[in-house]
Amino acid sequence: MLAGFVTFEGIDGSGKTTVSHLVLEKLRSRGHSVFLTSEPTSGWLGDLVRRGIQEDVNAITESFLFLADRSVHIGQIRSHLEKGELVLCDRYADSTFAYQGARLVGVLPDPIRFLQNASRGWLLSPDLTILLRVSPELGMNRIKGRPMKIRFEDLGLLRRVAANYDRLARSRRFAVLDGARSAQVVSEDAVSTIERRLARRGRT
Ligand code: ADP
Ligand code: TYD
């Protein structure tokens, strides 16, 4: 049985929600016990995040709202991991490092380091992070028809976010997949990446 904590990351429209659902179905059909969750959460702190963005709070406040939502979410993730399940999460800490890391430019020196420091000591580190890589133009094009949720739909910002993801993805925790392929192909690739990486982790 596969067990561990896998996060899906990427810019808006990279296909995280579509691919994570397909991965959930595929792994469940192979008999694995899988729990899929997402951030911002559906709890009251997630509502607060969405409210904060709507009210256009400043980038520091916004950052701490995302961190607060995550700090509660971690408790739920842990309880599933303790049952020996595989937990998939559509967006997690790297979203804060990439997005708020871009939003805080000019507000603080070295925003990504600031956000990583603010997470140190309590963050649950994923065993694997799958970055779905698409160009900001493709991401924007895919989401242009759908109703606005909370999204930072600005091409300039998404370019900075994409650059932050590329920087974060230098860590060995990441697997970078080409998200421009069909969702079926990307999800098959994600499933085999999860099987390979988590099996290797199980042996060490
Ligand atoms: P995200 O969660 O990363 O914002 P979504 O999964 O919501 O992305 O996908 C955004 C839009 O792009 C949706 O309309 C979805 O149907 C479409 N889409 C997702 N993945 C692909 C893909 N690999 N190829 C083409 N369209 C896709
Ligand atoms: P959502 O509507 O779920 O977008 P998507 O379907 O693209 O994932 O809203 C998530 C938005 O919030 C998205 O624009 C990214 C942003 N976000 C952050 O800026 N920081 C974070 O830590 C998280 C989790 C999300």
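Colleague: What makes up the accessible surface of the protein?

Modeller: This is a predicted model. Its accessible surface comes to about 10,000 Å². Carbon and sulfur atoms hold 52% of that area.

Colleague: Which elements does the protein have, and in what order do they run?

Modeller: There are 8 helices and 5 strands. From the N terminus the order is β-α-β-α-α-β-α-α-β-α-α-β-α.

Colleague: Why is the protein called as compact as a globular protein of its length?

Modeller: Set the value against the rule. The radius of gyration is 16 Å. For 204 residues the globule rule gives 17 Å. Along its principal axes, the C-alpha trace spans about 45 × 35 × 30 Å.

Colleague: How much of the protein counts as buried?

Modeller: Of the 204 residues, 49% do. The cut-off for buried is under 20% relative accessible area.

Colleague: Why is aspartate 94 called buried?

Modeller: Its relative accessibility is 1%. Buried means under 20%. The value is under the cut-off, so aspartate 94 counts as buried.

Colleague: Where does aspartate 94 lie, and which residues is it in contact with?

Modeller: Aspartate 94 lies in helix 4, residues 93-103. Leaving aside neighbours within four places in sequence, its contacts are Glu9, Thr129, Tyr165, Leu168, Arg173 and Phe174. Contact here means heavy atoms within 4.5 Å.

Colleague: Which residues have the most contacts inside the largest nonpolar core?

Modeller: That core has 32 residues. Those with the most contacts inside it are Phe5, Ile11, Tyr92, Tyr99, Val161, Tyr165 and Leu168. Elements that each supply at least two residues include helix 2 (44-54), helix 3 (59-82), strand 3 (86-90) and helix 5 (111-119). Helix 7 gives the most, with 6 residues.

Colleague: What is valine 161 in contact with, leaving aside its neighbours within four places in sequence?

Modeller: Valine 161 is in contact with Ile11, Ala98, Tyr99 and Ala102. Another core lies apart from the largest one. This other core has 20 residues, among them Phe8, Leu88, Ile130 and Ile194.

Colleague: How many contacts, as a percentage, join residues at least 24 apart?

Modeller: Take contacts between residues at least 6 apart in sequence. Of these, 78% join residues at least 24 apart.

Colleague: How far apart are the mean positions of the positive and negative charges?

Modeller: There are 31 positive and 23 negative charges. Their mean positions are 4 Å apart.

Methods:
Residues are numbered from 1 along each chain as its sequence is written. Chains are lettered from A and ligands numbered from 1 in the order in which they are written. This is a predicted model: local features need pLDDT of at least 70, side-chain atom pairs count only at pLDDT 80 or more; totals for chains, interfaces and linings use all residues. Side-chain values use heavy atoms; hydrogens and water are left out. Helices (H or I, at least four residues) and strands (E, at least two) are DSSP runs, numbered from the N terminus. The radius of gyration is taken over C-alpha atoms; the globule rule is 2.2 Å times the number of residues to the power 0.38. Buried means under 20% relative accessible area, exposed over 50%, partly exposed in between (1.4 Å probe, protein chains only). Accessible areas come from the Shrake-Rupley method with a 1.4 Å probe; for residues, only the protein chains shown count as cover. Lys and Arg count as positive and Asp and Glu as negative; His and the chain ends are not counted. The place of a charge is taken as NZ of Lys, CZ of Arg, CG of Asp or CD of Glu. A nonpolar core is a set of buried Ala, Val, Leu, Ile, Met, Phe, Trp, Tyr and Cys residues joined through side-chain atoms within 4.5 Å.
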